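The sequence and structure are shown first, and the description follows.

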Amino acid sequence: MRNGGIALDLTLQSGQVFHWDRREDGSWEGLADASPLRVREQDRALQVVEGDEEVARNYFALDHPLEKIYADFPTDPMSARALEVCRGMRILRQPRWECLATFITSSMKQVAHIRSMSLALRKGYGRPLAGRFCYPTPAAIASAGEGALRACGLGYRAANLLATARRVDSGAIDLDAIARLPTADLRSELTSLPGVGVKVANCVLLFAYERLDAVPIDVWIHRVLLSMRGGRSGTATQLARYARRRLGPYAGYVQQYLFHQARVSAK
DNA sequence: GGCCAGGAACGTT
DNA sequence: AACGTTCATGGC
């Protein structure tokens with residue numbers, strides 16, 4: 001299989017994207033931005049059943065050099081185990097606004113509930129397309145009231161999503177223009193937005209800006225990194241430094257594998 | 001039913 | 001710069 005192939009189920013169930021649906025026959029339906037896709041995996045190859053082939057190859061990031069990424073993987077037992085379990089999982093190339101908005105809603109929420117908020121927002125404020133719903137535009141979110149967003153289950157996150165949508169819609173920040181910035185500058189642009197701290201910014205860097213060395217540290221990865229260091233306690237800053245030193249040039253990929261491995265082994 | 005979740009913002013030390 | 005609190009909601 002060219003370039004390492006893809007493990008589709010793992011990729012779409014690893015907590016990086018929240019709106020894909022698995023059908024009875026094992027194929028998956030979803031939207032890559034505004035392009036409807038139905039895809040399946042066959043012997044580690046991505047098969048596009050419906051939709052545009054090039055759009056799918058880009059969205060599923062089939063150009064990421066998995067074999068090279070694996071050659072650079074850390075060799076400690078936890079990383080090795082995660083690679084064994086998650087081989088073929090890819091970091092998707094997601095639309096910027098959709099990714100940013102979704103992770104603003106993710107704070108202190110479990111994956112299942114992030115899905116339900118995403119669906120409520122799409123159904124309520126997104127454009128219908130091919131039996132599904134696009135993610136709402138910044139303008140659509142901006143013109144919905146805070147109360148309406150709370151009705152989608154956002155709670156206190158509603159005000160943050162609304163405020164950030166207004167900044168994007170007004171042009172106060174240009175999510176495409178900032179893509180050319182070096183990672184540190186891009187991160188500080190993102191953290192200037194309401195509801196975006198370092199963790200959410202790193203998710204957006206990794207999932208929507210192709211910064212494959214970005215490491216979001218949530219409660220799961222926090223525990224994993226503590227354990228890798230031998231169990232003694234550590235601050236967020238210390239763990240970020242540890243991750244940068246130990247997880248290698250594709251630290252974001254390593255982090256995603258460790259995240260998924262930690263979650264499945266906890267059940 | 002209690003516990004906890006892919007945190008951020010803000011106030012105190 | 002490092003901690004403590006508060007903020008809503010729902011899956012399990």
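## Protein surfaces facing the DNA

In this predicted model, a polar atom in the side chain of Arg-157 is placed 3.2 Å from a base nitrogen of DNA strand C. The side chain of Gln-110 also approaches a base of DNA strand C, with an N or O atom 3.1 Å from a base nitrogen. Tyr-156 meets DNA strand C through its backbone, where an N or O atom is 3.4 Å from a sugar or linking oxygen.

Of the atoms of DNA strand C that come within 4 Å of the protein, 59% are from sugar and phosphate. By class, the residues of the surface near DNA strand C comprise 2 nonpolar, 6 polar and 3 charged.

DNA strand B has 28 residues around it, and those that come nearest are Gly-15, Gln-110, Val-111, Gln-255 and Gln-256. Sugar and phosphate make up 55% of the atoms of DNA strand B that come within 4 Å of the protein. The surface near DNA strand B is made up of 14 nonpolar, 9 polar and 5 charged residues.

| Protein atom | Atom of DNA strand B | Distance |
|---|---|---|
| Gly-15, backbone N or O | base nitrogen | 2.6 Å |
| Tyr-156, polar side-chain atom | base nitrogen | 2.8 Å |
| Asp-218, side-chain N or O | sugar or linking oxygen | 3.2 Å |

Helices α11, α12 (219-228) and α14 (251-266) are the elements that give two or more residues to the surface near DNA strand B.

Is Val-200 buried or exposed? Val-200 counts as buried because its relative accessibility is 7%, and the cut-off for buried is under 20%. Leaving aside residues up to four places away in sequence, Val-200 touches Phe-103, Ile-104 and Gly-195. Val-200 and Gly-155 are 45 residues apart along the chain, and their C-alpha atoms are separated by 17 Å.

How values were computed:
Residues are numbered from 1 along each chain as its sequence is written. Chains are lettered from A and ligands numbered from 1 in the order in which they are written. This is a predicted model: local features need pLDDT of at least 70, side-chain atom pairs count only at pLDDT 80 or more; totals for chains, interfaces and linings use all residues. Side-chain values use heavy atoms; hydrogens and water are left out. A residue is near a molecule or strand if one of its heavy atoms lies within 4 Å of it. A polar contact is a pair of N or O atoms within 3.5 Å; within protein, one must be able to donate a hydrogen and the other to accept it, and residues adjacent in sequence count only if both atoms are side-chain atoms. Ala, Val, Leu, Ile, Met, Phe, Trp, Tyr, Cys and Pro count as nonpolar, Asp, Glu, Lys and Arg as charged, and the others, Gly among them, as polar. Buried means under 20% relative accessible area, exposed over 50%, partly exposed in between (1.4 Å probe, protein chains only). Contact means heavy atoms within 4.5 Å. Helices (H or I, at least four residues) and strands (E, at least two) are DSSP runs, numbered from the N terminus.
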